[in-house]
Amino acid sequence: MSKKSDNFYFKNFVACAEYGEEASQMLHKNLSEFDVTSLSERLDQIHGIEHAADQKKHEMLAALVKEFITPIEREDIILISEAIDDVTDKIEDVMIRLYINNRPDALEFTKLITRCCKTLNKLVDEFKNFKKSKKLYGLMVEIHTLEGEGDRLFIEAMRRLHTEVSDPLEVIA
């Protein structure tokens with residue numbers, strides 16, 4: 001196995017996860033400094049981050065096509081890459097919804113999303129040591145815990161929406 005190519009895949013995972021964290025921080029900033037007049041410009045910025053993440057993913061897929069021996073299964077590399085890319089894509093989707101609905105209601109979620117992305121960065125950085133890592137399991141548990149926190153936030157937000165908001169159009173949006 002070539003260590004140079006092994007390192008390439010793991011570095012690519014880290015770079016893609018960093019784009020997700022950058023997008024999460026931008027989303028948080030957009031909500032904490034909500035300004036309807038700059039939403040279009042900020043949407044373009046987050047789209048640029050998402051596009052750069054896609055380029056990094058395509059770079060890895062192009063290398064994967066030519067690679068004879070990979071550090072982990074080829075299919076697993078593709079699935080990991082797609083899952084990491086989905087993080088940035090979904091963050092961009094939230095920004096699009098914010099732009100469409102013109103509502104800054106999700107500030108607590110953006111804090112949690114940023115924490116998740118930071119943990120994901122640590123996890124993919126540690127992934128290169130997956131055979132002997134003592135941190136990997138703890139990071140996976142941390143992500144699972146953060147997911148549970150997100151579920152709790154979502155349930156609370158839905159409850160508030162359906163008990164405190166009287167305008168049906170606002171509920172639908």
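Buried here means under 20% relative accessible area, exposed means over 50%, and partly exposed covers what falls in between (1.4 Å probe, protein chains only). The structure is a predicted model, in which local features need pLDDT of at least 70 and side-chain atom pairs count only at pLDDT 80 or more, while totals for chains, interfaces and linings use all residues. Residues are numbered from 1 along each chain as its sequence is written, and side-chain values use heavy atoms, with hydrogens and water left out.

Now to the overall fold. The protein has six helices and zero strands, with helices (H or I, at least four residues) and strands (E, at least two) taken as DSSP runs numbered from the N terminus. The order of elements from the N terminus is α-α-α-α-α-α. Along its principal axes, the C-alpha trace spans about 60 × 35 × 25 Å. Of the 173 residues, 36% are buried. Taking a contact as heavy atoms within 4.5 Å, 77% of the contacts between residues at least 6 apart in sequence join residues at least 24 apart.

Next come the aromatic rings. Rings of Phe, Tyr and Trp (its six-membered ring) pair if their centres lie within 6.5 Å; planes under 30 degrees apart are stacked, over 60 edge-to-face, and the rest tilted. The whole structure holds five aromatic pairs. In one of them, the ring centres of Phe8 and Tyr9 are 5.4 Å apart and the planes sit at 75 degrees, so this pair is edge-to-face. Phe127 and Phe130 make a stacked pair, 5.3 Å centre to centre with 25 degrees between the planes. Here Phe127 is buried at 17% relative accessibility, and Phe130 is partly exposed at 30%. These two rings also belong to one aromatic cluster with Phe10 and Phe13.

Charged side chains pair up too. With a salt bridge defined as a side-chain nitrogen of Lys or Arg within 4 Å of a carboxyl oxygen of Asp or Glu, a search of the whole structure turns up eight. One of them joins Lys57 and Asp85 (3.7 Å, N to O). Lys57 lies in helix 2 (residues 39-66) and Asp85 in helix 3, so the bridge ties together parts 28 residues apart in sequence. Both Lys57 and Asp85 are buried.

Glu108 and Lys111 come to 3.2 Å at their closest N and O atoms; both lie in helix 4 (residues 107-126), three residues apart, about one turn of the helix. Glu108 is partly exposed at 44% relative accessibility, and Lys111 is partly exposed at 37%. In helix 5, Arg152 and Glu156 are four residues apart, again about one turn, and their side chains meet in a salt bridge at 3.0 Å, N to O. Arg152 is partly exposed at 41% relative accessibility, as is Glu156 at 33%.
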